[in-house]
Amino acid sequence: MKLCIIGTGYVGLVSGVCFSDLGNDVICVDKDEDKINLLKKGKVPIYEPGLSELVVKNFRNKRLSFSSNLKTSVKNSDIIFICVGTPTKKGGRSADLTQIYNVAKELSLSINKFKIIITKSTVPVTTGDEIEKILSKKNNKHKFAVVSNPEFLREGEAIRDFIYPDRIVVGSNEKKSNRILKNLYSPLISKGAQYLNTSRRAAELIKYASNAFLATKITFINEIANLCENTGINVEDISIGMGLDKRIGSRFLRAGPAYGGSCFPKDTKAIISTADKFKTNLSVIKSVVRSNENRSNLLLKRVYEILNNRLKNKKITFLGVTFKANTDDMRDSSSLIMIPALAKKGALIKYFDPTGYKNEFKKIKNVSFENSIKKSLKDSDLIIIHTEWNDFKSINFKHFVKGKKPIIYDMRNIYSHTKISAQGFKYFSVGR
Ligand code: UGA
């Protein structure tokens, strides 16, 4: 099948590359010509394990191509995936759909035969209806079908999530497109993925409701972790004990810093905004957003307590600054709140991240990047393990710190309290 992917961000690129690997002819389109030129040279602008290899492989065998010409690419394709960004509107909570509607307008001028137009971007309920209206202005309704097919890919695990999804959701009541899409996804369905066909609006909402629910689950365990800290209980026992109940499940019950990334913070706000539009109060999600926004300050308070409120000239090391492991993404990472706040109080921050230097801290005084774990730990008073990279899971602290005994604050509960304390370090973690 001939597919056109519009937008070569994380969702578009991963989907395009994986579809081509399944044997489809895929053309990935982006306005950004520099990006397209890089991709043509096999260079991938985002960090996603396994992605570069798949780009090179499928580009070489000519199933995958790149272009900045939307019109021609659309004309030559049967199925069009819209994968552009839907960020939070500046100063508001709702999703900014400018890019989506701009693409829809361009598409409306390029429909030469029947096309299935699919939104893979996370879009609020009724966006599909709006796209349909835009396309109808210039085209006969029989020439296209607008379908919602949300993605459920996690950064850092995106290739695996694409190939082995729990479910594939296709929102459309149109028979022909449902048949074509079921066929497109048949290699994944035959490996066990559930295929769910719903109305277009339901598919749009499934995506937001799923992200909001996962964000709620994390926030819930983070608050339980606070209670555990005050009652001498290990939150991991609670996660395991709750998770064994199949109705609850053990995943996404890891306590830690505030959730971040390009999706949960944005999507929880956007669903609240959509609900407001439809005069519905999503009080649970509203309180999740509030609780998560408070979380970084709560953990910061803990840091102040650990250092007896003496921050001036204290050497603090951050191991990992991205919002989670296996990604270079800094969007809504809690380090963006914690590091500037600590630096403002006079602490001297060094950070190491496996994905390298971060521009986000460039202008902040007393914050510097070190290119190895060893260098970042040198002379440290407090080590904060902020992300759960494998690189941080078996550090021989004794060997690195040479006589000095820094305090360790493990925000991802990677280490065991007994083992680290036995080495003579003061050790703090989350909810235990
Ligand atoms: C999330 C969803 O998991 C995907 O299903 C969805 O497709 C994607 O958003 C999206 O909408 O595009 P992602 O943002 O890549 O994926 O990352 P997650 O692995 O879900 O983690 C999000 C945040 O929750 C991170 O800050 C992570 O550290 C935190 N988290 C996750 C926890 O604190 N505890 C957990 O148990 C799990």
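Both Asp-267 and Lys-266 are buried, where buried means under 20% relative accessible area, exposed over 50%, and partly exposed in between (1.4 Å probe, protein chains only). These two also pair up in a salt bridge, with 2.9 Å between the closest N and O atoms; the term covers a side-chain nitrogen of Lys or Arg within 4 Å of a carboxyl oxygen of Asp or Glu. The model is a predicted one, so local features need pLDDT of at least 70 and side-chain atom pairs count only at pLDDT 80 or more, while totals for chains, interfaces and linings use all residues. Residues are numbered from 1 along each chain as its sequence is written, and side-chain values use heavy atoms, with hydrogens and water left out.

Searching the whole structure turns up 21 salt bridges. One of them joins the side chains of Arg-302 and Glu-229, at 3.4 Å from N to O. This pair ties together distant parts of the chain, 73 residues apart: Arg-302 sits in helix H13 (residues 283-306) and Glu-229 in helix H10 (residues 200-231). Helices here are DSSP runs of H or I with at least four residues, numbered from the N terminus. Arg-302 counts as buried because its relative accessibility is 18%, whereas Glu-229, at 28%, counts as partly exposed.

Arg-331 and Asp-329 make another salt bridge through their side chains, 2.9 Å from N to O.

Methods: Helices (H or I, at least four residues) and strands (E, at least two) are DSSP runs, numbered from the N terminus.
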